[in-house]
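Please look at the chain shown below before reading on.

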Amino acid sequence: SGLGFSVAGGTDNSVEENDGAIYVTTIIPGGSAELDGRLRVGDRIIEVNGVNLEAVSHADAVAALQQADNVAMRVARPPAALAQQLDVTQGGLPPVPGA
């Protein structure tokens, strides 16, 4: 039932101006990401299972996440201020199916 988190961003849907990064916006209560405990709102997803997500569209990022069964992700943790901003401005987004 998905990876238990929602994302925003991408080259066609920037969270910050001129920033095409993919960010975690919601951790779904009881989902895989919450149970694992390592992923946080505001984390920037750099790579999933060897696929670089630093300069891809939102749809391409979601597709890469949906195709992942056993997930190996590389993430970057931003300063707390950006994480709080993402939580406030994007936190109400519905979960991305399969992400």
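How many helices and strands does the secondary structure of the chain come to? The chain has 3 helices and 5 strands, where helices (H or I, at least four residues) and strands (E, at least two) are DSSP runs numbered from the N terminus. Read from the N terminus on, these elements follow the order β-β-α-β-β-α-β-α.

This is a predicted model, in which local features need pLDDT of at least 70 and side-chain atom pairs count only at pLDDT 80 or more, whereas totals for chains, interfaces and linings use all residues. Residues are numbered from 1 along each chain as its sequence is written, and side-chain values use heavy atoms, with hydrogens and water left out.

**Confidence and overall build**

The predictor's confidence in each residue, pLDDT, runs from 0 to 100; its mean over the chain is 81, and 78% of the residues reach 70 or more. Over residues 88-97 the pLDDT is below 50, although this stretch has 19 contacts in the model beyond near neighbours in sequence, a contact meaning heavy atoms within 4.5 Å. Where pLDDT is low, predicted coordinates should not be read in detail.

Of the 99 residues in the chain, 39% are buried; buried means under 20% relative accessible area, exposed means over 50%, and partly exposed lies in between, with a 1.4 Å probe and protein chains only. Among the contacts with a separation of 6 or more, 58% are between residues 24 or more positions apart.

**The nonpolar core**

A nonpolar core is a set of buried Ala, Val, Leu, Ile, Met, Phe, Trp, Tyr and Cys residues joined through side-chain atoms within 4.5 Å. The largest one here has 15 residues, and those with the most contacts inside it are Phe5, Val7, Ile22, Ile45, Leu53 and Leu65. Two or more residues of this core come from each of S1, strand S2 (22-27), S3 and helix H2 (58-66), and H2 gives the largest share, 4 residues. In soluble globular proteins, nonpolar side chains tend to be buried together.

Ile45 shows how such a residue is surrounded: leaving aside neighbours within four places in sequence, Ile45 is in contact with Phe5, Val7, Ile22, Val24, Leu53, Leu65, Met73, Arg74 and Val75. Not counting residues up to four places away in sequence, Val75 touches Leu39, Asp43, Arg44, Ile45 and Ile46.

**Charged pairs**

Side chains of opposite charge can pair when their charged atoms come close. A search of the whole structure finds 3 salt bridges, each being a side-chain nitrogen of Lys or Arg within 4 Å of a carboxyl oxygen of Asp or Glu.

| Asp36 | Arg38 | 2.8 Å |

Glu47 lies in strand S3 and Arg74 in strand S5, so their pair ties together parts that are 27 residues apart in sequence. Glu47 is partly exposed at 24% relative accessibility, and Arg74 is partly exposed at 44%.

In the remaining pair, Asp36 is partly exposed at 42% relative accessibility, and Arg38 is exposed, with a relative accessible area of 61%.

**The largest pocket**

On a 1 Å grid over the protein atoms alone, a pocket is an open set of points where a 1.4 Å probe fits, with protein on both sides within 12 Å along at least five of seven lines, and lining residues have an atom within 4 Å of a point. The largest pocket has a volume of about 330 Å³, a volume being the space filled by probe spheres set on the points, which are joined across faces, edges and corners. Its lining consists of Leu3, Phe5, Ser32, Ala33, Asp36, Arg38, Leu39, Asp69, Val71, Met73 and Val75. H1 and S5 are the elements that give two or more residues to this lining, and the largest share, 3 residues, comes from H1.

Leu3, one of the lining residues, lies in the segment before strand S1 (5-9) and counts as buried at 13% relative accessibility. Leu3 and Val71, which also lines the pocket, are 68 residues apart in sequence and 8.7 Å apart in space, C-alpha to C-alpha.
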